[in-house]
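I opened this model to look up its fold, its core, its helix packing and a few loop residues. My entries are below, in the order I made them.

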Amino acid sequence: DIAPSQSAGVAKLRPALEAVAAIDLSKIDSRKAVDEQLQQSITDPALRALVLQNLRSVPDWHWQPNIELLLASLPRIAAWPKVREANYLGPVLWLTGSESAHVKPADDAEMYRLFPNTKKLEIAAAGHWVHADQPRAVIDALTAFLD
């Protein structure tokens with residue numbers, strides 16, 4: 001559920017990443033302790049759960065992704081490269097959530113220009129995290145596409 005355009009939503013991740021970077025993991029003894037620290041900064045339980053999936057405890061508590069690099073790279077991550085020609089002519093399944101603000105009808109022309117063999121499928125009752133909101137529908141769509 002992403003469109004071939006500048007993503008304003010990526011900038012919204014900065015406060016969450018800053019909250020993650022501010023935690024001193026050398027003083028952490030449990031995932032619950034990190035969750036409690038993040039509750040003030042990341043009030044959305046779904047976003048907090050997603051963030052916590054990236055917390056590792058072995059050999060010591062650490063974030064799997066490079067948080068500092070992500071923070072420094074947010075503008076580049078949000079950008080979509082300017083491409084003159086279609087760069088992939090194979091089949092593409094473009095899943096979008098019916099409740100998502102990340103894909104708009106105005107994005108269709110550029111997506112089909114870049115990936116001419118795109119099949120767009122909107123998953124009902126799903127937001128941007130289509131796979132989390134409607135896992136069975138996503139699995140069914142992927143299975144049908146791959147078959």
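These entries go from the whole chain to single residues.

I am working with a predicted model, in which local features need pLDDT of at least 70 and side-chain atom pairs count only at pLDDT 80 or more, while totals for chains, interfaces and linings use all residues. I number residues from 1 along each chain as its sequence is written, and my side-chain values use heavy atoms, with hydrogens and water left out.

**Whole chain.** I looked up the secondary structure and found seven helices and four strands. I take both as DSSP runs numbered from the N terminus, helices being H or I with at least four residues and strands E with at least two. Read from the N terminus, the order is α-α-α-β-β-α-β-α-β-α-α. I boxed the C-alpha atoms along the principal axes and got roughly 50 × 35 × 30 Å. Of the 147 residues, 31% are buried; I use buried for under 20% relative accessible area, exposed for over 50% and partly exposed for in between, with a 1.4 Å probe and protein chains only. I then checked contacts (heavy atoms within 4.5 Å). Among those with a separation of 6 or more, 69% join residues 24 or more positions apart.

**Core.** I searched for nonpolar cores, meaning sets of buried Ala, Val, Leu, Ile, Met, Phe, Trp, Tyr and Cys residues joined through side-chain atoms within 4.5 Å. The largest has 21 residues, and L25, V34, L38, V51 and W63 have the most contacts inside it. Two or more residues come from each of α1 (14-22), α2 (31-38), α3 (45-52) and α4 (67-78).

**α1 and α4.** I fitted axes as lines to C-alpha atoms, for helices over the stretch in contact, with angles from 0 to 180 degrees between N-to-C directions. For α1 and α4 the angle is about 160° and the axes are 10 Å apart. The pair is therefore roughly antiparallel; I count angles under 35 degrees as roughly parallel, over 145 as roughly antiparallel, 65 to 115 as roughly perpendicular and the rest as oblique. On the α1 side I listed R14, L17, E18, V20 and A21, which meet I67, E68, L70, L71, L74 and P75 of α4. By class, this contact has eight nonpolar residues, no polar and three charged. I count Ala, Val, Leu, Ile, Met, Phe, Trp, Tyr, Cys and Pro as nonpolar, Asp, Glu, Lys and Arg as charged, and the others, Gly among them, as polar.

**α2 and α3.** Here I got an angle of about 140° and axes 11 Å apart. These two helices are therefore oblique to each other. R31, V34, D35 and L38 of α2 make the contact with R48, V51 and L52 of α3. The residues divide into four nonpolar, no polar and three charged.

**Loops.** I looked up D29 in the loop between α1 and α2, where D29 is exposed with a relative accessible area of 66%. D60 is 31 residues away from D29 in sequence, and their C-alpha atoms are 9.8 Å apart. I noted a cis peptide bond between V58 and P59, with omega about 0°. P59 belongs to the loop between β1 (55-56) and β2 (62-63). I also noted A125, which is not a glycine but has a positive phi of about 60°. A125 lies in the loop between β4 (118-123) and α6 (130-133) and is exposed at 52% relative accessibility.
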